[in-house]
Amino acid sequence: MQLQQLAYFVAVAELRHFTRAAERVHVAQPSLSQQIRALERELGAELFRRARGNIALTDAGETLLPLARRILADTDTARLEVQELVQLRRGRVRLGATPSLCTGLLPDVLRAYHLQYPGIQLQVEEAGARDLIRELATGNLDLALVILPLQSHDPALATTELLREDLVVVSSAAEPARWEGRSLRIEDLRDQPLVMFRRGYDLREFTLGACRAAGFEPAFAVEGGEMDAVLGFVEAGLGIAVVPRMVADRRDTVRVTPFAGSEVHRTIGLAHRNDVEPPRAARELRRVLVDYLTRAADAGALPPGTRLLREGAGRSRRGRADTAGRETGAQETGAQETAR
């Protein structure tokens, strides 16, 4: 089995077309077809069902596809690692992060990293934690800042707790205060019009789980947006939303109301694959991130509503994840006001 054959197989599997796959990998279509046939002979199974105008994966092909993608991603990572110069003058880091962290934390961290390693190319993917975990598992990311505990099980992933992040309720600053001079409990969201994030968004799962654990189904005024859209809808007076404190404090067009005792929070962690050592440039980014957070905590300069988990920083947990299908830790355990 050759890497070239796996690359050809993945191209055909993704495009479901031999000619277009050949164009993608810059090879003549007959040569690509011959290599696919050779791979099938070696494996002793057909990988595609070939019908006029219709290319579909067989069961064997479905089984091979994620493995082939991971092998190719690992090969690419190994190539980049070997090609990096000793002084880290060049290289690449692929970092994933949730939207709130992209705006509230990452700019300063990436600036510190870029000052030390200006030749390293930084690729940032902004997505929900579940999407980022999937990208990590398939080798498309080196590191990811995610919400812990993980909502899907993959023993090949290791996580490190970094920060505890307070969540707050935001409402339009142009409208009368709903809860003047007091903090809230989850129960106070009953019958309130909520601006809700799209499906699969971590904050949506937390809010739904916390409300249901408190014994009620939340009422939606608007649903389906991401962070900027949700904040825009709140500013327009369409409803309220539960968001991270570090994001809310950056918008002077919303009114911020904390939860009682700052007890509604979630845990931010750094995840990476446990079966493959991250490239050196990624390991350096991890070091810069932890150093930055430690110095910021000592200087009282962490983003608003965040606290450094000093015992967790630097300690990885292998394969630490919730059972697949659980919506939130709050919903499963009955804890009404904690999303870890």
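Buried means under 20% relative accessible area, exposed over 50% and partly exposed in between, with a 1.4 Å probe and protein chains only. The model is predicted: local features need pLDDT of at least 70, side-chain atom pairs count only at pLDDT 80 or more, and totals for chains, interfaces and linings use all residues. Residues are numbered from 1 along each chain as its sequence is written, and side-chain values use heavy atoms, with hydrogens and water left out.

**View A. Phe197 and Tyr201 form a stacked aromatic pair.** Rings of Phe, Tyr and Trp (its six-membered ring) pair if their centres lie within 6.5 Å; planes under 30 degrees apart are stacked, over 60 edge-to-face, the rest tilted. The count comes to four aromatic pairs. Phe197 and Tyr201 sit 4.6 Å centre to centre, with 0 degrees between the planes. Tyr201 is buried, at 4% relative accessible area. Phe197 is buried too, at 1%.

**View B. Tyr113 and Tyr117 form a tilted aromatic pair.**

**View C. Phe9, Phe18 and Phe48 form a cluster.** Ring pairs link these residues.

**View D. Ala38 lies in helix α3, residues 29-43.** Helices (H or I, at least four residues) and strands (E, at least two) are DSSP runs, numbered from the N terminus. Ala38 is partly exposed, with 22% relative accessible area. Ala38 and Met1 are 37 residues apart in sequence and 8.8 Å apart in space, C-alpha to C-alpha.

**View E. Cys102 and Cys211 are buried.** Relative accessibility is 17% for Cys102 and 0% for Cys211. The count of disulfides (cysteine sulfur atoms paired within 2.5 Å) comes to zero.
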